[in-house]
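Colleague: Before I plan anything around this protein, could you take me through the model, one question at a time?

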Amino acid sequence: MPELPEVETVLRGIAPRMIGRRLVEVEARRPDLRRPLPAGFVQRLTGRAVIAADRRAKYLRLHLEGGETLIVHLGMSGRLVIEDAPPPVAFHHGPSTAVADAPHTHVVFRLDDGTRILFADPRRFGLMDIAATDDLDAHDLFAHLGPEPLGNGFSGPYLARVFEGRRAPVKALLLDQRVVVGVGNIYASESLFEAGIHPARSAGTLSADDCDRLAAAVRATLDRAITAGGSTLRDFVGASGELGYFQHSFRVYDRAGAPCSREGCGGTIERAVQSNRATYFCSRCQA
């Protein structure tokens with residue numbers, strides 16, 4: 001599943017192409033994704049301009065003139081792909097329709113400059129919804145969410161407060177979107193390694209210094225992943241089709257049996273299963 005860096009990468013790809021543009025045609029090729037498209041989906045979007053775009057957790061939000069917002073979640077395998085307008089007829093050898101005509105392209109947005117934004121999702125765990133922009137914080141997709149890890153509300157003291165008295169493994173709480181949003185399995189494993197904290201350790205045993213170190217590690221790991229365009233492990237690509245490269249910088253994730261890369265450690269990366277998810281760590285330098 002795309003995590004925060006991958007969704008942020010998609011946002012940075014589509015925002016400059018969509019903001020200020022009008023949706024002159026919207027095509028919904030099926031009535032549902034993970035859940036039904038909202039009533040009047042095509043009619044409510046067609047003809048409206050995109051005035052801003054942002055991300056909340058793993059959701060993309062396209063704010064429209066008239067006070068409504070299109071919410072997009074990529075699910076497990078969703079993509080938003082930019083298809084440039086075809087060249088002038090004299091030089092035109094036919095538009096690129098490889099993605100547009102693919103059986104898993106479910107929604108197509110055509111902008112007023114001819115660009116098309118295609119939503120493809122083979123596994124159909126993605127979703128789209130439309131909501132009043134002023135009420136987004138109360139929307140059922142957002143009301144329960146914790147702070148953004150790259151925002152001002154996320155810090156060592158914040159983690160110390162929410163971890164206090166908790167017996168749950170620290171990694172499980174990092175994956176809890178009520179504690180902090182957007183940190184998935186990959187970046188939780190990498191952040192805990194950077195902080196030198198064992199993923200199975202009870203969160204309530206972390207000291208203030210541990211929490212400061214962990215908050216800094218989460219921020220630094222996500223920043224580096226965004227700079228690298230995210231991680232491409234299966235089918236993630238950016239909006240222009242570019243691959244992510246952070247997988248080449250993994251220090252623990254999917255490296256079971258490899259030597260620990262921390263200088264002077266000498267340990268070996270191990271794999272365990274927590275809550276039915278693979279966890280990677282070095283038991284020698286993560287305590």
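This is a predicted model: local features need pLDDT of at least 70, side-chain atom pairs count only at pLDDT 80 or more; totals for chains, interfaces and linings use all residues.

Colleague: Over how many bridges do strand S3 and strand S4 pair?

Modeller: Strand S3 covers residues 59-64 and strand S4 covers residues 68-73. The two run in the antiparallel sense, and their pairing extends over 5 bridges.

Colleague: Which strands are the edge strands of the sheet?

Modeller: The sheet is an open one of 4 strands with antiparallel pairing, in the order S2-S3-S4-S8. An edge strand pairs on one side only, and this holds for strand S2 (50-56) and S8.

Colleague: By what angle are neighbouring strands of this sheet turned against each other on average, and which helix packs on the sheet?

Modeller: Ignoring direction, neighbouring strands are turned by 20° against each other on average. The packing element touches S2 and S3, and its direction makes about 175° with that of S2; the helix, covering residues 4-18, is H1.

Colleague: Turning to charged side chains, is arginine 116 buried or exposed, and what does its salt bridge with glutamate 83 tie together?

Modeller: The closest N and O atoms of arginine 116 and glutamate 83 are 2.8 Å apart, and the two form a salt bridge. Arginine 116 lies in strand S7 and glutamate 83 in strand S5 (residues 79-83), so the pair ties together parts that are 33 residues apart in sequence.

Colleague: How many residues apart are arginine 251 and glutamate 194?

Modeller: These two form a salt bridge whose closest N and O atoms are 3.2 Å apart. Arginine 251 is found in the loop between helix H6 (208-227) and strand S9 (269-274), and glutamate 194 in helix H5 (residues 185-195), so that distant parts of the chain are linked by a pair 57 residues apart.

Colleague: Which residues are linked in a network of salt bridges?

Modeller: The count of salt bridges comes to 22. Some residues are linked in a network of such bridges, namely Glu8, Arg12, Arg55, Arg56 and Glu148.

Colleague: What is the accessible area of the nonpolar patch that includes Phe125?

Modeller: Phenylalanine 125 is in the loop between strand S7 (116-120) and strand S8 (127-132), and it is partly exposed, with a relative accessible area of 39%. On the surface, Met1 and Met76 form the patch with Phe125, and together they have an accessible area of about 270 Å².

Colleague: Finally, what percentage of the chain is made up of buried residues?

Modeller: The secondary structure comes to 6 helices and 10 strands, and the chain has 287 residues. Of these residues, the buried ones make up 51%.

Conventions: Residues are numbered from 1 along each chain as its sequence is written. Side-chain values use heavy atoms; hydrogens and water are left out. Buried means under 20% relative accessible area, exposed over 50%, partly exposed in between (1.4 Å probe, protein chains only). Patches are made of residues with over 30% relative accessible area and no salt bridge: like charges are joined within 9 Å, nonpolar side chains (Val, Leu, Ile, Met, Phe, Trp, Tyr) within 5 Å. Accessible areas come from the Shrake-Rupley method with a 1.4 Å probe; for residues, only the protein chains shown count as cover. A salt bridge is a side-chain nitrogen of Lys or Arg within 4 Å of a carboxyl oxygen of Asp or Glu. Two strands pair if DSSP finds at least two bridges between them. Axes are lines fitted to C-alpha atoms, for helices over the stretch in contact, and angles run from 0 to 180 degrees between N-to-C directions. Contact means heavy atoms within 4.5 Å.
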